[in-house]
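Subject: Handover of a structure, with findings

Dear colleague,

Please find the structure below, followed by an account of what was found in it.

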Amino acid sequence: MHGEYKVPGGKLVVVDLDVEGGALRNVRVAGDFFLEPDEAILAIDAALEGAPANTDTAGLAARIDAALPASTVMLGLTSEGVAVAVRRALAQATEWSDYNWQLIHEAPQSPALHMALDEVITAEVAAGRRPPTLRVWEWASPAVIIGSFQSLRNEVDPAGAERHSVSVVRRISGGGAMFVEPGNTITYSLSVPDALVSGLSFADSYAYLDDWVLAALGDMGIKAWYQPLNDIATDIGKIAGAAQKRVVGPGGGPGAVLHHVTMSYDIDADKMLDVLRIGKEKMSDKGTRSAKKRVDPLRRQTGLAREAVIERMIDSFRTRHGLNRGKVTDEEMARAEELVATKFGTEEWTARVP
């Protein structure tokens, strides 16, 4: 069995192993990380040798930590990262390079249609009718997108939304409310087979699916990191928030994961605060007194036009994983428009949690 895991902000860990009698055998750990002293790699292999195959990530990491020489120094590597690679080998997880990735980047569309397209495209990936897809959104109008389980009245000031002609839509994933404007927001979705994140915890899958974004931001001079559970942050502020939804495949078979991210290229903070009801508890949780400081625009940090930031992100993904240009099919669009009419564009869905 073979498993790989790119440690967020670190290096690649590769594990090859067998399972005999319910235990790990012939374990070999490798990668492009840095590790001192040399014998530490042998200690890691020995610590994993004979471990029960059902040992969870924390248990495997604990075995490694207990076996490492006191003088061990790890750079780009963690005990947990090795453990995750082992769990991915046991789960027979796939890798980014196993797929032919498709890019969808089309004309601006309504907020409700974007919600519907996320559901349709991810269902198509789960059914095996579409390859894993990166979809970059273009917005036709400003909107607030609330999480699947959020209270509409607690999150949005209806008078403020009406004043600024901001529509409100509810997505299928959890998480918090996002304020978007066409020229100020960068949004993308990844619709991927669930095998790509096999062996990862839900929390780890967030950072794993956005590691390419952190690299792309780094190429633009921004040092960014994942702030659990679902924020992308920098030294001077949050720049993005992520959310996920797991979709079961046909007949209960292998499914897919929808992972989407909204990034602030620029922001009208006064308008946002007039539309969103941002509570003191939420600001306290983020460690800031001012809601205006919670989001730091990419425009100021990069000095690049929004379109240039998007193109650099796409190029970064293409360089790392390959990417072919695609489009929403006529059948997918028809299904999405039907979902707008019956679900995402209805008061019943938007106010399902009043």
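Leaving aside its neighbours within four places in sequence, with which residues is E124 in contact? The partners, once those neighbours are set aside, are R129, R130, E332 and R335; contact here means heavy atoms within 4.5 Å.

This is a predicted model, in which local features need pLDDT of at least 70 and side-chain atom pairs count only at pLDDT 80 or more, while totals for chains, interfaces and linings use all residues. Residues are numbered from 1 along each chain as its sequence is written, and side-chain values use heavy atoms, with hydrogens and water left out.

E124 belongs to helix α4, which covers residues 111–126. Helices (H or I, at least four residues) and strands (E, at least two) are DSSP runs, numbered from the N terminus. With a relative accessible area of 8%, E124 is buried. Buried means under 20% relative accessible area, exposed means over 50%, and partly exposed lies in between, for a 1.4 Å probe and protein chains only.

**Helix packing**

Two helix pairs deserve attention, and α2 takes part in both. Helix α1 (residues 39–48) packs with α2 at an angle of about 135°, and their axes are 8 Å apart. Axes are lines fitted to C-alpha atoms, for helices over the stretch in contact, and angles run from 0 to 180 degrees between N-to-C directions. The helices α1 and α2 are therefore oblique to each other. For this term, angles under 35 degrees count as roughly parallel, over 145 as roughly antiparallel, 65 to 115 as roughly perpendicular, and the rest as oblique.

The crossing of α1 and α2 is right-handed. A crossing is right-handed if the near helix is turned clockwise from the far one by less than a right angle, and left-handed if anticlockwise. On the α1 side the residues that meet α2 are A43, I44, A47 and L48, and on the α2 side they are L60, R63, I64 and A67. By class, this contact has 7 nonpolar residues, no polar residues and 1 charged residue. Ala, Val, Leu, Ile, Met, Phe, Trp, Tyr, Cys and Pro count as nonpolar, Asp, Glu, Lys and Arg as charged, and the others, Gly among them, as polar.

Helix α2 (residues 57–67) also packs with helix α3 (residues 79–90), at an angle of about 130° and with axes 8 Å apart. That angle makes α2 oblique to α3. Here too the crossing is right-handed. The contact is made by T57, L60, A61, I64 and D65 of α2, together with S79, E80, V82, A83, V84, V86 and R87 of α3. Its residues divide into 7 nonpolar, 2 polar and 3 charged.

Helix α7 (residues 202–209) is largely enclosed by the rest of the structure, because 6 of its 8 residues are buried. The buried residues of α7 are D204, S205, Y206, A207, Y208 and L209.

**Aromatic residues**

How many aromatic pairs does the structure hold? There are 10. Rings of Phe, Tyr and Trp (its six-membered ring) pair if their centres lie within 6.5 Å; planes under 30 degrees apart count as stacked, over 60 as edge-to-face, and the rest as tilted. The ring centres of W137 and W139 are 5.2 Å apart and their planes stand at 50°, so the pair is tilted. Both W137 and W139 are buried. One aromatic cluster is formed by Y5, W96, Y99, W101, Y188, Y208, W212 and F317.

**Loops and backbone geometry**

The peptide bond from E36 to P37 is cis, with omega near -5°, and P37 lies in the loop between β4 (34–36) and α1. Another cis peptide bond joins P228 and L229, with omega about 5°; L229 is in the loop between β12 (225–227) and β13 (231–234).

Q92 is not a glycine, yet its phi is positive, at about 55°. Q92 sits in the loop between α3 and β6 (102–105) and is exposed, with a relative accessible area of 59%. S165, also not a glycine, has a positive phi of about 55°. The loop between α6 (158–163) and β9 (167–170) holds S165, which is exposed at 59% relative accessible area.

A colleague
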